[in-house]
Each structure stands twice: as structure tokens, then as C-alpha cells.
Amino acid sequence: MMRDAANLDRAACEAMDLADPLAPLRDLFVLPGGLIYLDGNSLGAMPKDAAARAEDVVRREWGADLIKSWNSAGWFDLPVRLGDKLAPLIGAGAGEVVVCDSTSQNLFKVLSAAVAMRPDRRVLILEGSNFPTNNYIAEGVAAATGGRVSVRLCEKDAIADAIDETTAAVAITHVHYKTGHIHDMAAITARAQAMGALAIWDLCHSAGAMPVDLNGAGADFAVGCTYKYLNGGPGSPAFLFAAKRHQGVSQQPVTGWWGHAAPFAFEPGYRPQGDVRQFLIGTQPIVSMALVETGLDIHRSADLAAIRAKSMALTDLFIQLVEQRCAGHGFSLASPRAAADRGSQVSFAHTDGYPIMRALIAAGVIGDFRAPDTVRFGFAPLYVRYADVWDAVDRLVTIMDDAVWQSPEHQAREAVT
Ligand SMILES: Cc1ncc(COP(=O)(O)O)c(C=O)c1O
């Protein structure tokens, strides 16, 4: 929504914050003073409860109760219990989601399951410009079929037409990591299934930032991470969704003891669980997994429609302010202009994107850079304020007007961008 430029100033942004129904939730997060954090799409901010939860898991559950905690603290059931908590955020039902492993590993499991479910098909379709791990994992899955299956990479507008009777599965990231473009989950799923293929979704950039309706779309499988908009903490375990109809029917190749029908029977041979636990492999990182719950509890208290409405308003505001106040400085919008087509992030292309982002970070505005030329800003609706958007652009204006980004200390590349 474009606002009247003449009336747009910091006071107007503060007024929007006052009217924001999500505003009280910001107080549930640790946010260092003076910093404007626009990278919650990469690593979400820390819930205030996380430190106490970590201390409890370490001191009491591990330190005092030791191995008893597998039962008494419910450690063994955490993947399923947290999966059930996460399910409503992504339109899944109870017993359809487990929290475990990484997104890359979970994608390997569900892609392999899909390939096994379509033994007469030979193509996996993914988006070429997707976050690379997805396409690398698909290559690995294809290689493991000994040449039966190959990967076909398409760009967004070509995906639907590429799906045909040779397609085993389509594995698409719902919100593009670089541009923020949202794919039509229902349409692509319907097209895939009409052609006899399976539809797999990566929700890394959607879960927690907008309502997602996996079952409404009829999705077959999904994966995603909990460390971005779900605030689970650095490297926190990911999630995996398997539609009820595929559980106990499909097979995934990483057949570890946590996915066994009777893990504590210690049988010599593998027998899969008949439910979503068949997608588990082995022992989980319990400290990290326990922290996922602190983020999920906040999200479960928030209205997803309000999250989406604020996300669209924040990103619209940012685009409008950058285009007005940094006009002539060489930024071009790399995200969809229509809010309905955009996730909770905004990217601009700029030939000097890297030093500009370094200068912004030095000025206390944290976004990130994606090669070759994209500056990316994430707007986590639970803790980013409209006034933050104003202040971030204000600092960007100074960096551009005074050519601050040209100073030598902003040119050197760091290992993680
Ligand atoms: C679309 C997408 N898939 C997967 C990942 C990461 O996977 P992993 O957690 O296994 O490193 C990312 C990380 O940003 C991502 O953007």
C-alpha cells in the first residue's frame, strides 16, 4: 500500500507502531539497543525465554536428572511434540510434522521417498535460482538412483509447463530466498498431481512469516528450518511434513533407529514406524531442540493474519522509502512490487551492494548480501517496528549521500555474507 509521501515521516511511522496489534510481542525478544535487525529471515532474534530454557535443560534436565530425562523431561518425544506445535503454523495436522535434523537432510529424505514412490518416473523439477543446497541435494538423490532419475532446473515461470508424465516430483521453495517471490502452492501442487507427480515444498522463508496451508493445497511433503522466522536459534533442528496418506506407505533411505517401529527392541533388522516418525534417523541435539519451543510458543500466541498484514505493510513501506529517499543512487527493486507476491523480505540490486551492506551494518542496520549484487532485508513482523523501517532508510540515505560505503574498511569480504 503506497502512502502519501508528503505525510510520511518518522512520526507517521510511530503512529503505525501505536496502532500495531503485534507491537507487544516485540518485548518477548532480546534486541540489542540501537541496532535495527533486518536479518530475521536468516537468523531470527532470540526469545527472552530462551536463556532460561537452555539453562534448565542443561542444569536440571541434563546435570541433575541425567539419563532419566529421556523419559521424565520427554526428550525422546520432542520431535513429535514440537512437530505438533508447529503444525498449525503451516496448515498441517497433528501427527504430520516432526522437528529433526537439518533442512538439507530432511529434503534428502523426502525427495528420496518421492523418487521411490514413482519408480516409473525419471525427472525431479526444481527452481534453478533456488537456494543451492536444495538443488545439490536433488543431484545427490538422483545420483543414488544410478541414473534412473535426473534433475531438471527451471526458472519460475517455466515450472508449471515443465511438469509432465516423466516427472517424479516437483520440489519448490515457497518463498524465494533472494527475491522473496511467492510461488502459488495450490496451483503448482495441483498441476504436479494432475500429471501424477508429487509436490514437495521448502518453507524456510515462509514458516512463521505468513499463513501456509499445506493440507489445503494437498501438498505431499514439506521441509523447512526453524532458525529464521521461527526464532529457534542458530542451527536449530528443521522440520519435515509428510501428509498422512504417505505415512507408513513411503520409504526413506536413511533408516536409523529413531525411525524404527520399535526403537528399544533393538531388533537386528529395520522395520519403519507406520507414522511420521519413520522420517526420524537418530539421536537429536536436545539442547538446541528444546529452544525451538520458546520460539514456537510465541508464534502460537500470534495471529497469522496479523503477521501477514504487518509483513506486507512493512515491506511496502521500506520499498517506498528507499525508492523516494535514495532515488538516483542506483538501487533497483529485485523483489516483486506487489505485496501479495512477496514474502517478508525486500531485495534491491546494486552494483556496489557488498560495501553498501558493510557500511549499513557498521551503522547499526543489519541486513545481508547475496552474490553477485543483492542487498537483502528481512522484516520479521513480531519484532520489527515501522519506526525501524524509517530509521534504517535514514541511515541508508546518509551512507549513500555521503558515499560512506566507499571507505576502504567496507570493501573487504567476510567469510559469511
Ligand atoms: C530455501 C532454503 N533451503 C534450505 C536452507 C538451509 O538448509 P540447512 O539448514 O540444511 O543449511 C536455506 C538457508 O537459508 C534456504 O534458504
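User: How many residue pairs are in polar contact between domain 1 and domain 2?
Analyst: A polar contact is a pair of N or O atoms within 3.5 Å; within protein, one must be able to donate a hydrogen and the other to accept it, and residues adjacent in sequence count only if both atoms are side-chain atoms. Between domain 1 and domain 2 there are nine such residue pairs, both residues at pLDDT 80 or more. This is a predicted model, where local features need pLDDT of at least 70, side-chain atom pairs count only at pLDDT 80 or more, and totals for chains, interfaces and linings use all residues. Residues are numbered from 1 along each chain as its sequence is written, and side-chain values use heavy atoms, without hydrogens or water.

User: Which elements supply the side of domain 1 that touches domain 2?
Analyst: Helices (H or I, at least four residues) and strands (E, at least two) are DSSP runs, numbered from the N terminus. Here α11 (304-325), β12 (345-349) and β15 (374-378) each supply at least two residues. The largest share, four residues, comes from α11.

User: What area is buried between domain 1 and domain 2?
Analyst: Interface size is often given as the accessible area lost when the parts come together. The loss is taken with a 1.4 Å probe and summed over both parts. Here it is about 1,700 Å², with 62% from carbon and sulfur atoms.

Methods:
Buried area = accessible area lost by both parts, 1.4 Å probe.
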